[in-house]
Amino acid sequence: MTVHFLVSGRVQGVFFRMAAKREADVHGLSGWVRNLSDGRVEGVAAGDNRRVDEYIAWLHRGPDLARVLKVEVEEVEEEEFDGFVIK
């Protein structure tokens with residue numbers, strides 16, 4: 001399963017990308033995460049369906065300093081990545 005996600009709220013300047021990578025590594029996911037100029041965080045996560053679902057649940061919480069207001073997720077065409085990286 002591969003999903004594209006956009007996370008809105010106070011998600012930049014709060015170590016969201018680093019925490020998102022750590023969480024992806026814990027779940028054995030591959031993909032990427034980056035900041036957008038409009039203040040959102042964007043990413044792609046690929047892996048086992050259950051683990052991707054758990055990751056999406058984490059995105060709704062984020063790290064302690066974040067305040068997640070909205071998470072948009074859409075399933076996209078399966079893609080292969082070499083690990084999970086911060087762009």
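In the predicted model, E42 is buried, at a relative accessible area of 11%. The limit for this class is under 20%, so the value of 11% places E42 within it. The side chain of E42 forms a salt bridge with that of R34, with an N to O distance of 2.7 Å. R34 has a relative accessibility of 31% and therefore counts as partly exposed.

In total, five salt bridges are counted. Side chains of opposite charge can pair when their charged atoms come close. A further bridge is formed by the side chains of E72 and R40, at 3.8 Å from N to O. This pair connects distant parts of the chain, 32 residues apart: E72 belongs to strand β4 (residues 67-76), whereas R40 lies in the loop between β2 (30-35) and β3 (41-46). The cut-off for a salt bridge is 4 Å, and the distance of 3.8 Å for E72 and R40 falls within it. Both partners are partly exposed, E72 with a relative accessibility of 32% and R40 with a relative accessible area of 24%. The two residues also belong to a network of salt bridges in which D38, R40 and E72 are linked.

Another of the bridges is found inside a helix. The side chains of K21 and D25 meet at 2.8 Å, N to O. Both residues lie in helix α1, and their separation of four residues is about one turn of the helix. K21 is partly exposed at 27% relative accessibility, and D25 is likewise partly exposed, at 41%.

Helix α1 (residues 16-26) also packs against helix α2 (residues 49-61). Two packed helices are described by the angle between their axes and the distance between the axes. For α1 and α2 the angle is about 155 degrees and the axes are 10 Å apart. The two helices are therefore roughly antiparallel, given that angles over 145 degrees are assigned to this class. Their crossing is right-handed. On the α1 side, the contact is made by F16, A19, A20, E23, A24 and V26; on the α2 side, R51, Y55, W58 and L59 take part. Classified by residue type, this contact comprises eight nonpolar and two charged residues, with no polar ones.

Definitions and conventions:
Residues are numbered from 1 along each chain as its sequence is written. This is a predicted model: local features need pLDDT of at least 70, side-chain atom pairs count only at pLDDT 80 or more; totals for chains, interfaces and linings use all residues. Side-chain values use heavy atoms; hydrogens and water are left out. Axes are lines fitted to C-alpha atoms, for helices over the stretch in contact, and angles run from 0 to 180 degrees between N-to-C directions. Angles under 35 degrees count as roughly parallel, over 145 as roughly antiparallel, 65 to 115 as roughly perpendicular and the rest as oblique. A crossing is left-handed if the near helix is turned anticlockwise from the far one by less than a right angle, and right-handed if clockwise. Contact means heavy atoms within 4.5 Å. Ala, Val, Leu, Ile, Met, Phe, Trp, Tyr, Cys and Pro count as nonpolar, Asp, Glu, Lys and Arg as charged, and the others, Gly among them, as polar. Buried means under 20% relative accessible area, exposed over 50%, partly exposed in between (1.4 Å probe, protein chains only).
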